[in-house]
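Subject: Structure for your review

Dear colleague,

My notes on selected contacts follow directly after it.

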Amino acid sequence: MSVLDHPDAALALRLVEGAGGIAAGWFRRAVPTDTKSNPTDFVTAADREAEAYVIAQLARERPTDGVLGEEGHVVDGSSGRRWVIDPLDGTHNFVRGTDWWCCAVALDGAAGVELGAVRDEVRGRSYVGGPEWGAVVDGTQLAPLVDRPLAAACAATYLHPPYFHTPVGDAWLRVIDGVGTYRLHGSGTLEAVAIAEGRLDLFLHHSVPEWDRLPGEAIIRAVGGETRTVAAGGVQWYVAGVPTAVAQASARLVNG
């Protein structure tokens with residue numbers, strides 16, 4: 001069975017495409033915006049409206065499932081499954097008019113993440129996949145990842161400036177010293193699908209919440225990638241991508 005034949009995958013695609021349409025209505029307009037943890041951590045009316053849409057759809061179509069939304073919606077379910085919602089990943093980019101943002105959901109079960117779906121609304125591309133199903137973009141099957149070592153890898157990574165010259169920054173630099181090159185984009189989930197398509201090789205960030213991690217993790221693992229959580233510098237690092245680069249980056253976090 002293709003992932004597209006899975007009813008949960010079909011629902012996940014409808015959810016992210018609906019959320020993407022809502023967000024697109026606000027893009028490059030004067031969207032009402034607040035800040036959260038710091039002056040550059042934004043939340044907008046687009047985030048809130050997109051999340052409310054997904055919550056309403058799930059209440060109707062999967063009423064026994066739990067829900068965790070980035071913007072504060074939490075629903076306790078009875079099914080043992082939970083939908084994790086990132087209504088707009090890359091909100092800073094979105095507010096500033098940069099087109100690297102997306103809408104994403106994941107379905108998490110007792111054995112871990114089952115599937116993820118991502119909508120890149122600007123480019124009109126929809127991704128869905130899971131470890132047991134493979135992954136597709138716009139209905140086309142994604143090929144297995146091509147493995148490569150850290151020294152040949154292009155990593156997607158970022159470190160917030162307050163962490164420079166701290167044990168967190170030291171751990172990050174141990175990996176950067178060994179990577180082939182790196183890029184900064186501002187949407188971890190779009191970076192994850194770029195890894196799944198072979199356009200990037202590695203994702204590295206610390207203290208990654210589930211809504212920023214699980215949708216892309218499902219798709220990376222669907223095409224033979226690996227994900228790890230590694231303790232270093234007093235924080236938990238999330239490392240995802242092609243297997244050899246993930247293993248080598250994880251070792252450098254801990255051992256240098």
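I begin with Glu61, which touches Leu11 and Arg14 when residues up to four places away in sequence are not counted. Please bear in mind throughout that this is a predicted model. With Arg14, the side chain of Glu61 also makes a polar contact of 2.8 Å. Glu61 has its place in helix α2, and its relative accessibility of 28% makes it partly exposed. Val168 lies 107 residues from Glu61 along the chain, and the C-alpha atoms of the two are 42 Å apart.

With residues up to four places away in sequence left out, His206 touches Leu159, Tyr163, Val168, Val235, Gln236 and Trp237. His206 belongs to strand β13, which covers residues 202-206. Its relative accessible area is 6%, and His206 is therefore classed as buried, the limit being under 20%. A polar contact of 2.8 Å joins the side chain of His206 to that of Ser207.

I turn next to the salt bridges. Side chains of opposite charge can pair when their charged atoms come close. The structure contains 19 salt bridges, and three of them are described individually here.

The pair formed by Arg48 and Asp34 has its closest N and O atoms 3.2 Å apart.

The side chains of Arg213 and Glu217 meet in a salt bridge with an N to O distance of 3.1 Å. Both residues lie in helix α6 (residues 210-222); because they are four residues apart there, about one helical turn separates them. Arg213 has a relative accessible area of 19% and counts as buried, and Glu217, at 8%, is buried as well. Elsewhere, salt bridges with shared partners link Asp8, Arg62, Asp65 and Arg81 into one network.

Helix α6 also takes part in a helix packing. Two packed helices are described by the angle between their axes and the distance between the axes. For helix α5 (residues 188-196) and α6, the angle is about 10 degrees and the axes are 8 Å apart. Angles under 35 degrees count as roughly parallel, so α5 is roughly parallel to α6. Which residues of α5 and α6 meet? From α5 they are Thr189, Ala192, Val193, Ile195 and Ala196, and from α6 they are Trp211, Asp212, Pro215, Gly216, Ile219 and Ile220. By class, the residues of this contact comprise eight nonpolar, two polar and one charged.

Yours sincerely

Conventions: Residues numbered from 1 in each chain as written. Predicted model: local features only at pLDDT ≥ 70, side-chain atom pairs only at ≥ 80, totals over all residues. Heavy atoms only, no water. Salt bridge = Lys/Arg side-chain N within 4 Å of Asp/Glu carboxyl O. Helix = DSSP H or I, 4+ residues; strand = E, 2+ residues; numbered from the N terminus. Buried < 20%, exposed > 50% of the residue type's maximum accessible area, 1.4 Å probe, protein only. Contact = heavy atoms within 4.5 Å. Polar contact = N/O pair within 3.5 Å; in protein donor to acceptor, adjacent residues only side chain to side chain. Axes fitted to C-alpha atoms, helices over the stretch in contact; angles between N-to-C directions. Parallel < 35°, antiparallel > 145°, perpendicular 65-115°, else oblique. Nonpolar A, V, L, I, M, F, W, Y, C, P; charged D, E, K, R; others polar.
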